[in-house]
Amino acid sequence: MWREKLKVVKENKIAGLYPFTKLWIVLFYSICAMILGTITVDGYPIYMILSFVIVPILAILTGIMKKVGGVLKNMAFLSFFIIVVQGILVKSKDIIITLNIFNFFNVNLYKQSLQYGLVLAFSIMCMGGILAWFFGSTDNKELISALESKGMGPKASYVFLSTLQMIEVLQKSSKTIMSAQQARGVETEGNVFVRSKAFIPSMVPLILSSITNTEERVLTLESKGFLVKGKKTKLYDVSPNGKEKIAMVSIIIYTVIIVLWRVLLWVL
Amino acid sequence: MWGHLSIKNFWEGKIMSKEKKYSIKKDFSLLALLLIPIAVAINFAGGQLASLLKLPLYLDTIGTIFVAMLCGPWVGGLAGLVTNLVLGIANPIYIPFAIVNITVGLVTGFLARNKGFSTWWRWIISMVLMALASIITAAPIVVLMFGGITSSGTSLITATLMATGTNIWKAVVSTELVFTVIDRVISFGITYLILRVVPARTLIKFSLGENYIKKGKNAAVADTEENVDDDID
């Protein structure tokens with residue numbers, strides 16, 4: 001009975017989709033975004049920009065907007081920079097507007113560069129966004145469990161899970177080590193140079209202690225029969241939640257429409 | 001396992017050794033496998049630090065270099081790949097740069113196998129080679145996928161160069177050249193410090209660990225350790 005307690009029951013139907021279905025969605029959506037990027041209205045990739053809107057909508061429907069919102073904002077910031085740099089700093093044929101600064105020099109917004117920048121920026125937003133959705137709606141446990149059902153070895157799963165844990169563990173250790181070094185007189189507060197000098201006395205003991213811990217961990221794993229050949233049983237399992245067919249059908253219809261559209265435009 | 005000509009040996013042996021000393025199976029001992037999460041966590045910590053301090057450095061290959069020098073190219077490359085996948089979970093921007101990190105692991109590992117780090121001048125040559133490999137793989141990604149701008153501090157400098165009219169490739173490559181070299185020098189420096197301090201009995205458990213054991217006072221200790229049967233494989 002307590003095995004059921006280990007299972008994560010997700011209320012949101014979209015978040016509860018089997019991880020591989022979600023991966024297919026990521027793949028098809030990305031391909032469609034790239035195809036849409038080649039359909040331009042007066043040179044502007046309007047449809048790709050429109051297709052990006054699907055990402056936040058999907059995130060809201062899945063209920064993970066809070067988690068994913070921060071990542072999307074970062075990517076938006078980066079994309080904005082890309083657009084600005086491309087549009088203003090890379091010269092191309094036509095100029096859209098010219099800003100006069102202090103009557104001294106001109107800042108030109110170049111059309112082709114702007115369009116190129118838009119394509120780049122929204123490729124990043126679309127693909128990055130859908131990936132952010134995927135990682136926000138899938139627990140790491142689920143993904144690794146699904147991969148293992150498909151035949152990924154237990155060693156690989158362990159490396160992945162261990163990595164994610166290790167990051168937190170190391171962050172905690174680094175705080176401990178930093179306070180220990182502070183007690184010994186290493187300055188950890190101040191300007192950039194002072195803090196960079198504290199970097200090495202913090203990193204080296206951290207790495208050293210991690211390596212020695214690893215040796216113990218190897219012994220622990222071996223004593224738990226990690227290397228024994230044979231079928232392993234799982235305590236935590238991921239199962240499809242029933243809505244996979246609808247999801248797959250929707251995304252395939254979406255892709256087919258877009259591919260047909262592109263092919264028609266090419267043929268006509 | 002010793003020097004017979006057969007397909008199995010061909011797969012297990014690498015590059016030049018006449019007696020094939022290195023095999024993938026030996027590289028991926030359980031100890032090496034468990035070192036990968038540590039390498040990734042170090043890369044993660046380094047990357048976070050660099051972006052917190054807004055340094056024009058990446059510092060996200062320290063762990064990869066370290067693992068590659070101890071366990072060989074394939075383990076190093078894997079550590080690089082996992083690093084960027086994990087970084088990608090938090091911010092998908094980093095996923096394309098996995099290629100760079102993998103290259104760092106592979107190049108450092110192959111250099112380590114071929115005595116690339118046995119003397120101080122070889123360290124320098126290896127560092128330069130590895131930095132070049134990083135730049136060659138990173139620059140195309142930055143230019144073609146991101147139009148020259150990434151979320152790292154180096155992009156501000158790239159943008160400034162581009163504003164003065166420099167061609168985008170030249171701007172990106174020159175920025176990358178300077179800062180990647182600095183970044184790798186620091187990363188190698190940290191790795192060197194650590195390798196000096198790790199005890200010989202631990203070093204010996206890794207495929208390439210023997211190269212870093214200090215000769216001289218500890219030579220006697222190292223010699224006796226070599227006779228210990230390594231059960232962990």
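Helices here are DSSP runs of H or I with at least four residues, numbered from the N terminus. The model is predicted. One such helix, α7(A), is followed by Gly151(A), whose phi is positive, near 115°.

**Contact between the chains**
- Chain A brings 43 residues into contact with 37 residues of chain B.
- On the side of chain A that touches chain B, the elements giving two or more residues are α5 (65-89), α6 (111-137), α8 (154-183) and α9 (192-223) of chain A.
- Of these, α9(A) supplies the largest share, 16 residues.
- By residue type, this side of chain A consists of 28 nonpolar, 11 polar and four charged residues.

**Helix α7 of chain A**
- This helix covers residues 140-149, and Glu142(A), Leu143(A), Ile144(A) and Ala146(A) are buried in it.
- Among the elements covering the buried residues of α7(A) are α2 (19-36) and α8 of chain A.

**Helix α3 of chain B**
- Helix α3(B) spans residues 30-52, which makes 23 residues.
- From its first C-alpha to its last, α3(B) reaches 34 Å, close to the 33 Å expected at 1.5 Å a residue.
- A residue counts as buried if 20 or more other C-beta atoms lie within 10 Å of its own.
- In α3(B), 18 of the 23 residues are buried, so this helix is largely enclosed by the rest of the structure.
- After α3(B) comes Lys54(B), with a positive phi near 50°.

Notes: Residues numbered from 1 in each chain as written. Chains lettered and ligands numbered in written order. Predicted model: local features only at pLDDT ≥ 70, side-chain atom pairs only at ≥ 80, totals over all residues. Contact = placed C-beta atoms within 7 Å. Nonpolar A, V, L, I, M, F, W, Y, C, P; charged D, E, K, R; others polar. Expected span 1.5 Å × (residues − 1). Buried ≥ 20, exposed ≤ 12 C-beta atoms within 10 Å, placed from the backbone.
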